[in-house]
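Please open the model in your viewer, with selection by residue number ready, and follow the stops below in order.

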Amino acid sequence: MIVGFGEGPDDAALRQAWSHFCARLDVAGELIFKDHNPVSGMHRVDALRFLTQNLGQAFDLALETRDTRYPALHAFCGPNRKLGGDCADFTYQQAWIDGASTYRIVGERGGARFLNITVQGARPDGPGLLHEPFGDVPEANLSADRLVVADDGTFEVFLGGPERQGNWLPTTSGSRKVFIRQGFDSWDEQPARLRIERVDMDSPRPVPSTGTMLEAISWAGDFVTGLMHDWPDFPFTYGGVDAEHPNQFPALDVTGADAKRGRAATNMHWQLAAGEALIVEFAAHDGLWMLTNMGVFFNSMDFLYRPVSYTPSRTAVDSDGKVRLILAHDDPGYHNWIDTQGFERGNLTYRHMLGGFPATLDTRVVKRAALAAELPGDSATVTPQQRIAQMWARFNGIRRRYASL
């Protein structure tokens, strides 16, 4: 027994809450051994790393940025934190807000090809709902093509309050956060730099109370158990991922609203044995498309150092107008190599946005030693020195997107 325990009026409640959180964290840790995850040490470590990375943001979300009267933009994913099928060429930020306050986002536009600011509403009840902080419903959004930007590249966006001219997004009584995504193509694109504030702030942020801490501990416990429970099960159950037919993309539905928006997303669950390679082939097409290789838990692979993601400007196109990407365990010497990091199983997600229409994605598994016979003779190759140069270009490009690196 710690000397002094019980002398404070909140001691018992705080200790009980923390003990319960630690027990829930232990339960979450057991889920690295679920059937979806292969038994190799690499896969088990990656699953545990998925948990430890997100443990690192549990209380940022539950406590440090939680007070909607004192909002703060939180970097949801990045090179050292992966969650939610994150795209290697996106950055994600969120801030908790409420419908009673008025907020201002101030920033410099930068050069990211895709920028979207969305007010998210309440989370509905019922089955098929992804864990916190996901599951909420978009209420209003502002995309880069509608963003009013000053001549010097700066802008401001107001959230809530009375309607304004220029950049304004309405809120409702159910509004609970603003979600900001940036999508990049080339390595030299500068990110938008953003800040958020409540416009009528008139006092310092209060020190957390016992009640605030107890609520945060409970929320953090829901978060760590929810993410380990839902991934990778949720996409296989609700997200259109076909576990029964690996190594092929499910058919894309490009009718209706998706056809009008010119965007789509689809995920391939892949399984690759030693000595095998997987070729992904599609016609080069307009718009901003992205492919990201992910682990079993739908956590993007090491995009800071490894070629695990591609976009149009960074991809070699064969003379017949086709893009051919090669998923392989080691470097095959072709420009469009997607690294598996040595994993035997994972997920590859294709996203399409902006103009044009999504591509039809064809795949085939071949012998790694037979790649030359399977690819056109003019498929772009690289030397070891060129691959090192690509690694440095990626390393510097990713660091440009994240101010903390």
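Begin by selecting A316, D318, R324, I326, Y334, H335, N336, L375, S379 and A380, which together line the largest cavity of this predicted model. With these residues displayed, the lining can be coloured by class, and it divides into five nonpolar, three polar and two charged residues. The space in this largest cavity comes to about 60 Å³, and a search of the whole structure finds one cavity of 30 Å³ or more.

Next, move to the strands, selecting residues 103-108 for β3 and residues 154-159 for β6, which pair in the antiparallel sense over six bridges.

For the last stop, select helix α1, residues 11-30, together with helix α3, residues 210-230, whose axes come within 9 Å and cross at roughly 10°. Because angles under 35 degrees count as roughly parallel, α1 is described as roughly parallel to α3. To see the contact itself, show the side chains on both helices: from α1, the residues include A13, L14, W18, F21 and R24, and among those they meet in α3 are M213, L214, I217, D222, V224 and M228. By class, the contact of α1 with α3 has 13 nonpolar, four polar and two charged residues.

How values were computed:
Residues numbered from 1 in each chain as written. Predicted model: local features only at pLDDT ≥ 70, side-chain atom pairs only at ≥ 80, totals over all residues. Heavy atoms only, no water. 1 Å grid on protein atoms, 1.4 Å probe; cavity = no way out; pocket = protein on both sides within 12 Å on 5 of 7 lines; lining within 4 Å. Points joined across faces, edges and corners; volume = space filled by probe spheres on them. Nonpolar A, V, L, I, M, F, W, Y, C, P; charged D, E, K, R; others polar. Pairing = 2+ DSSP bridges. Helix = DSSP H or I, 4+ residues; strand = E, 2+ residues; numbered from the N terminus. Axes fitted to C-alpha atoms, helices over the stretch in contact; angles between N-to-C directions. Parallel < 35°, antiparallel > 145°, perpendicular 65-115°, else oblique. Contact = heavy atoms within 4.5 Å.
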